[in-house]
Amino acid sequence: MSTYDRSKIGKLIGWGGDHIVYEYGGREVIKFSIVMYLLGAHGLEKWRRDDAIVRRHLAPFMIERRLERSASGKYFAEIQPKIRGQYLMKGHLEEPRIREQFAGF
């Protein structure tokens, strides 16, 4: 597993759920999980279990991501491409193409 580069961590983008998200380099974001921070080494096991569940059910909708550790090896962060998006709202489901994607849920 690679080590993330602290010098690439940029401005705070946002937070939600249990993640704090920062710019990482020019084209990526780095996400720090509060739960993983509190769990320390056990957080890696939890991330792998959660990742397997999400991949099993939502693989076509997932953004590629990788897990990297801190220089001390004690903490972990998720790194993924930086994308532009918006929160899903009820009005979006009026668009047939979007509504079809959620038909099975």
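Colleague: How much space lies in the largest cavity?

Modeller: This is a predicted model, and the structure holds one cavity of 30 Å³ or more. The space in the largest cavity is about 30 Å³.

Colleague: Which element supplies the largest share of the lining of the largest cavity?

Modeller: The lining consists of His19, Lys31, Ser33, Met36, Trp47, Leu67, Phe76, Ala77 and Glu78. At least two of the lining residues come from strand 3 (28–33), and at least two from strand 5 (76–81). The largest share, three residues, belongs to strand 5.

Colleague: Is lysine 31 buried or exposed?

Modeller: Lysine 31 has its place in strand 3. Beyond its neighbours within four places in sequence, lysine 31 is in contact with His19, Ile20, Val21, Ala77, Glu78 and Gln80. Its relative accessible area is 18%, and the cut-off for a buried residue is under 20%. Lysine 31 is therefore buried.

Colleague: What distance separates the end C-alpha atoms of helix 2?

Modeller: Helix 2 covers residues 41–58, and its 18 residues, at 1.5 Å a residue, should span 26 Å. The model agrees with this expectation, because the end C-alpha atoms of helix 2 are apart by 26 Å.

Colleague: Within what arc do the buried residues of helix 2 fall, seen down its axis?

Modeller: The buried residues of helix 2 are Gly43, Leu44, Trp47 and Asp51. They line one face of the helix, because, seen down the axis of helix 2, they fall within an arc of 95 degrees.

Colleague: Against which elements do the buried residues of helix 2 pack?

Modeller: Helix 2 carries the exposed residues His42, Arg49, Arg56 and His57 on the face turned away from its buried side. Its buried residues, Trp47 among them, pack against helix 1 (34–39), strand 4 (66–69) and strand 5.

Colleague: Which residues are the closest to the centre of the largest pocket?

Modeller: The largest pocket holds about 850 Å³ of space. It is lined by 21 residues, and the closest to its centre are Gln80, Ile83, Gly85, Gln86 and Tyr87.

Colleague: Which strand gives the most to the lining of the largest pocket?

Modeller: By class, this lining divides into 11 nonpolar, six polar and four charged residues. Strand 1 (9–16), strand 2 (19–24), strand 3 and strand 5 each supply at least two residues. With four residues, the element that gives the most to the lining of the largest pocket is strand 1.

Colleague: Which element contributes the largest share of the lining of the second largest pocket?

Modeller: About 280 Å³ of space lies in the second largest pocket. Its lining has 15 residues, and those nearest its centre are Asp18, His19, Trp47, Asp50 and Glu78. Two or more lining residues come from each of strand 3, helix 1 and helix 2. The largest share, six residues, comes from helix 2.

Colleague: How many charged residues does the lining of the second largest pocket have?

Modeller: Asp18, Asp50 and Glu78 are among the residues nearest the centre of this pocket, and Asp and Glu count as charged. By class, the lining has five nonpolar and three polar residues, and the number of charged residues is seven.

Methods:
Residues are numbered from 1 along each chain as its sequence is written. This is a predicted model: local features need pLDDT of at least 70, side-chain atom pairs count only at pLDDT 80 or more; totals for chains, interfaces and linings use all residues. Side-chain values use heavy atoms; hydrogens and water are left out. On a 1 Å grid over the protein atoms alone, a cavity is a set of points where a 1.4 Å probe fits but cannot get out, and a pocket is an open set with protein on both sides within 12 Å along at least five of seven lines; lining residues have an atom within 4 Å of a point. Grid points are joined across faces, edges and corners, and a volume is the space filled by probe spheres set on the points. Buried means under 20% relative accessible area, exposed over 50%, partly exposed in between (1.4 Å probe, protein chains only). Contact means heavy atoms within 4.5 Å. The expected span of a helix is 1.5 Å times one less than its number of residues. The arc is that of the directions from the helix axis to the C-beta atoms.
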